[in-house]
Amino acid sequence: YAEQNLLLSGPKTGMVVAGCGLLGVVFLLSFKALGKLFDDVELILYGIGVMVLSCLLMIRGIWSPLIGGDEVDAYAIWLTAMISMYGVGYPIGHTAVIGWFSKAMKNKPQGFLLGIFGSAGSLARIVFPIVTGFVATHFSADAVFGVLATLLGTTLAILVVHRAAFREAIA
C-alpha cells in the first residue's frame, strides 16, 4: 500500500514498520502495569477497538468527505493508522488474548491448544496476503480495509455483548 499509493520506498516503509514494532515492544514491556489498571477483557476490547479505528482510517471514502480529500496528508493518515494498528492495538489486543486464554484454561493442559492457536496464526499469515491481494486487485485497497474493519468490528461486538461470560471464564 505505502509503496504503491504513497510512493514510499521499501526501506522507508520498513523503517516505519520497525518503529511500530519498537512501540509495540514498549507496550509489551509495560503489560504488568497495564494489567493492574485494566483486566484482560478490557485490554482485548481496547486493542480490537484501536485496530477497527485504524482500518477505518485507511478507508479514503470515510475520511476524505469529512476532512477534504485534496487537503489531507495521506502519509499522515497512513502513519497514524500504522502506529495505531501495529504499535498499539495489535500488541495490546493479541497479548491480552493469549493471557486471557491461559487464565481461562486454568489447570488444564495448554500445550496442544496453544499449538492450535499458534497454527491458526501461521495459517492466517499464509492466507491473509493471498486474500487481501485478491480483494485489492479485484476491488480496491479501501475494500481490504473495509473487510478488516467489518471482521474486527464483528469480533468487538461479540466481545462487548458477551464480556461478562469472558470475564467469568477467568474468574
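**Salt bridges, stop by stop**

Select K103 and D40 to begin: the two form a salt bridge in which the closest N and O atoms are 2.8 Å apart, a salt bridge being a side-chain nitrogen of Lys or Arg within 4 Å of a carboxyl oxygen of Asp or Glu. This pair links distant parts of the chain, with K103 in helix α6 (residues 74-105) and D40 in helix α4 (residues 40-57), 63 residues apart; helices are DSSP runs of H or I with at least four residues, numbered from the N terminus. The model is predicted, so local features need pLDDT of at least 70 and side-chain atom pairs count only at pLDDT 80 or more, while totals for chains, interfaces and linings use all residues. Residues are numbered from 1 along each chain as its sequence is written, and side-chain values use heavy atoms, with hydrogens and water left out.

Is D40 buried or exposed? D40 is buried, at a relative accessible area of 9%, whereas K103 is partly exposed at 44% (buried means under 20% relative accessible area, exposed over 50%, partly exposed in between, with a 1.4 Å probe and protein chains only).

Next, select E42 and R167, whose side chains meet in a salt bridge at 3.8 Å, N to O. Because E42 lies in helix α4 and R167 in helix α9 (residues 163-169), the pair ties together parts that are 125 residues apart in sequence.

Finally, select D142 and R60, which form a salt bridge at 3.5 Å, N to O.

Terms used:
Helix = DSSP H or I, 4+ residues; strand = E, 2+ residues; numbered from the N terminus.
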